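Please examine the sequence and the structure shown below. The paragraphs that follow lead through them step by step.

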Amino acid sequence: MDLLQQFSEKYMKDKAPSVRVGDTVRVHIRVKEGSRERIQVFEGTVIAKKHGGVEESFTVRRISYGVGVEKVFPLHAPTIEKVETVRKGKVRRAKLYYLRDRVGKAAKVKEDL
């Protein structure tokens, strides 16, 4: 167990971003296309967090051109440049999968003041 913990600490980020379910976040991802590298931004609502430690990941959902798009991001991945919190959400669930069935204003999360 000690060896596994030592291995996982090597790959964990020192300052991991604080991401909570219900928050609207802007994730900056480093994308490599051929020999070029650029930063791509994905903004949406965090609907789930899974696991812990090195394997910790979070799912972000947004509506793009009328179609729901979800992406799962590993929290400690080196391709994630930064995660900005746009607004805090007030939720009472650990997983917000019910937002998949909702459209428009019904899919909004109340803001935590």
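**A guided reading of the model**

Glu-70 has a relative accessible area of 29% and is therefore partly exposed. Here, buried means under 20% relative accessible area, exposed means over 50%, and partly exposed covers what lies in between (1.4 Å probe, protein chains only). Salt bridges that share partners join Arg-26, Glu-43, Lys-82 and Glu-84 into one network. A salt bridge is defined as a side-chain nitrogen of Lys or Arg within 4 Å of a carboxyl oxygen of Asp or Glu.

The model is a predicted one, in which local features need pLDDT of at least 70 and side-chain atom pairs count only at pLDDT 80 or more, whereas totals for chains, interfaces and linings use all residues. Residues are numbered from 1 along each chain as its sequence is written, and side-chain values use heavy atoms, with hydrogens and water left out.

The overall layout comes next. The protein chain has 1 helix and 5 strands, and from the N terminus on its elements run α-β-β-β-β-β. Helices (H or I, at least four residues) and strands (E, at least two) are DSSP runs, numbered from the N terminus. Along the principal axes, the C-alpha atoms of the protein chain fill a box of roughly 45 × 40 × 25 Å. Of the 113 residues in the protein chain, 29% are buried.

Side chains of opposite charge can pair when their charged atoms come close. In the whole structure, a search finds 10 salt bridges. One of them joins the side chains of Glu-84 and Arg-26, at 3.6 Å from N to O. This pair links distant parts of the chain, since Glu-84 belongs to strand 5 and Arg-26 to strand 1 (residues 24–33), 58 residues apart. Glu-84 counts as partly exposed because its relative accessibility is 29%, and Arg-26 counts as partly exposed at 26%.

The side chains of Glu-33 and Arg-38 meet at 3.1 Å, N to O. Glu-33, at 38% relative accessibility, counts as partly exposed, and so does Arg-38, at 33%. The side chains of Arg-61 and Glu-70 form a salt bridge at 3.0 Å, N to O. In that pair Arg-61 is buried, because its relative accessible area is 15%, whereas Glu-70 is partly exposed.

Attention now turns to the aromatic side chains. A pair of aromatic rings is described by the distance of the centres and the angle of the planes. Rings of Phe, Tyr and Trp (its six-membered ring) pair if their centres lie within 6.5 Å; planes under 30 degrees apart count as stacked, over 60 as edge-to-face and the rest as tilted. The structure holds 3 aromatic pairs. In one of these, the ring centres of Phe-58 and Phe-73 are 5.7 Å apart and the planes stand at 40°, so the pair is tilted. Phe-58 lies in strand 3 (residues 57–64) and Phe-73 in strand 4 (residues 67–74), so the pair ties together parts that are 15 residues apart in sequence. Both Phe-58 and Phe-73 are buried. Together with Phe-42, these two residues form one aromatic cluster.

Which backbone angles stand out in the loops? Phi of His-51 is near 60°, a positive value in a residue other than glycine. His-51 is found in the loop between strand 2 (36–50) and strand 3, and it is exposed, with a relative accessible area of 65%. Phi of Tyr-65 is also positive, near 55°, again in a residue other than glycine. Tyr-65 has its place in the loop between strand 3 and strand 4, and with a relative accessible area of 85% it is exposed.

The C-alpha atoms of Gly-89 and Lys-32 are separated by 32 Å, the two residues being 57 residues apart along the chain. Arg-100 is likewise found in the segment after strand 5, and its relative accessible area of 40% makes it partly exposed. Between the C-alpha atoms of Arg-100 and Ser-64, 36 residues apart along the chain, the separation is 13 Å.
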